[in-house]
Amino acid sequence: MVTGAVTALAVTLGACSGGGGARDENTVVWSTWGTAEELKRFDDFNKAFMERHPDITVKMQPVAGYGEYHPKLLAQLASNTAPDVFYVGDDKIGEFVDSGRLMGLTELMESDASQTKPDDFFPGLFGAAEKDGEFYGAPNDSNPDLLWYDRSTLEAAGITEDPAALEAAGEWTTETFLEMNDKLADAGIGGTMFWNYWATHWSWLASQGAPEPYDQSGAFVANEDPQSVELTETLGEYFQDGKFIVADTLPDGAGADSLFVTGKAGFFVQGRYTIGLVKDAGTADNVDVVRWPTPDGQPAPTGVAVSYLAINKDTSAPDAAFTFWTEFLSAEGQIARLSGDGNAVPSIAGADEVVLEDGYPANAQAMLDARDIGFVNYAAESVVPGLPTDIADIFLKLYEGKQDAQATLDEIATVVAEKSGQ
């Protein structure tokens, strides 16, 4: 292991809330966002880490909301007051890599001190955290977007087939899925709720067999592909008809969580954190999960949401920071953070037991399968500040019936060219 040499101090959850990284070689300040439950798990990890390493002090610097997190972190990096170790979202990692403020990690990851070799991670999850053969971060864990459903809600619409059973039989097709949404609408029940972000629109195209929306140069080309235009038109029509629902735009008091657990929507596209939602609501017994449907019923790559753990290039505690970094991301560290009703799927080999340990949901293997073949947001998009949000805003025009698929994809192509120079 990498060593330091001072006596540990007690961790404080809100320590250094206004400051930056450590100013000695044995103190690691790290920052993240998260719910109260997530922060409690992190606090437990910090305490266990310091018991293993009494010469290293760990202080966590939580930021309440995701929207506030990255602007604050960028400002801290610019003023040399940033934490030593920090989370970075998958829609921001390219921007942070290009800032030149992150430590290159490849040599450390391959060293004897590492519990996280590059080959230990599922390769589709690095995305823009890898540049020119150098790793500047690694995925903390992952959340493949899958379709969660409540059997009793489907049955209320006269749907007797179980999507997970259809998946197992190789019969979970796009046609069947859309027919189920039609039946839900006929019964006065919402169809499928999606969050409006990259994993929705690009997963739809990928699962239906369309080519990637960006070419090797990083130029946006989906608007020139007839198949992509046609598939985008179908996606838009289902939103415009109210059979698909934009979860982000639902009113306060009638949000997506509420609609799902009260049987007012058939499917909810989310990650493993949905377990906590349905267990708290008392509806878990009827809930299962299924991968995205495909034209032929066979699996296809779809989006996997991740966040990354990075190290400040200017940290005063490089050895201690890497020790924390590699143990946090290790199989043992991910098991500790994600066990029980954990909110994510491991990003590293050797920790899959946390997803399967209690047999819930029944089709939990689908989460692992989706991770194994899935993809994170395209580097051509995630490296450009604000571009993922701009694209989501353009797709919202389609979903609201303000423009058609061709106009939507053409506008995206224009924005990508303007912002990225491609």
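Two strands pair if DSSP finds at least two bridges between them, and strands (E, at least two residues) and helices (H or I, at least four) are DSSP runs numbered from the N terminus. The close-ups below come from a predicted model, in which local features need pLDDT of at least 70, side-chain atom pairs count only at pLDDT 80 or more, and totals for chains, interfaces and linings use all residues. Residues are numbered from 1 along each chain as its sequence is written, and side-chain values use heavy atoms, leaving out hydrogens and water.

**View 1. Strand S3 and its two partners.** Let's start with S3 (85-89). Strands S3 and S12 run antiparallel and are joined by 5 bridges; here Val-85 stands opposite Ile-311. S1 and S3 run parallel, with 2 bridges, and Ser-31 stands opposite Phe-86.

**View 2. Both faces of S3.** Is S3 enclosed or open? It is largely enclosed by the rest of the structure, because 5 of its 5 residues are buried (under 20% relative accessible area, using a 1.4 Å probe and protein chains only). Look for Val-85, Tyr-87 and Gly-89 on one side, and Phe-86 and Val-88 on the other.

**View 3. The largest pocket.** This pocket holds about 1400 Å³ of space. A pocket is an open set of points on a 1 Å grid over the protein atoms alone, where a 1.4 Å probe fits, with protein on both sides within 12 Å along at least five of seven lines; lining residues have an atom within 4 Å of a point. Its volume is the space filled by probe spheres set on the points, which are joined across faces, edges and corners. Of the 43 lining residues, Trp-33, Glu-38, Asn-143, Tyr-273 and Ala-305 are the closest to the centre. Helix H11 gives the most to this lining, with 5 residues.

**View 4. The second largest pocket.** Its volume is about 180 Å³. Among its 14 lining residues, Asp-215, Ser-217, Gly-218, Ala-379 and Ala-380 are the closest to the centre. Helices H16 (379-382) and H18 (405-420) each supply at least two residues of the lining.

**View 5. Where helices H12 and H13 cross.** The axes of H12 (318-329) and H13 (331-338) come within 4 Å and cross at roughly 65°. Axes are lines fitted to C-alpha atoms, for helices over the stretch in contact, with angles from 0 to 180 degrees between N-to-C directions. Glu-327, Phe-328 and Leu-329 of H12 meet Ala-331, Gly-333, Gln-334 and Arg-337 of H13, where contact means heavy atoms within 4.5 Å.

Note on methods
Buried < 20%, exposed > 50% of the residue type's maximum accessible area, 1.4 Å probe, protein only.
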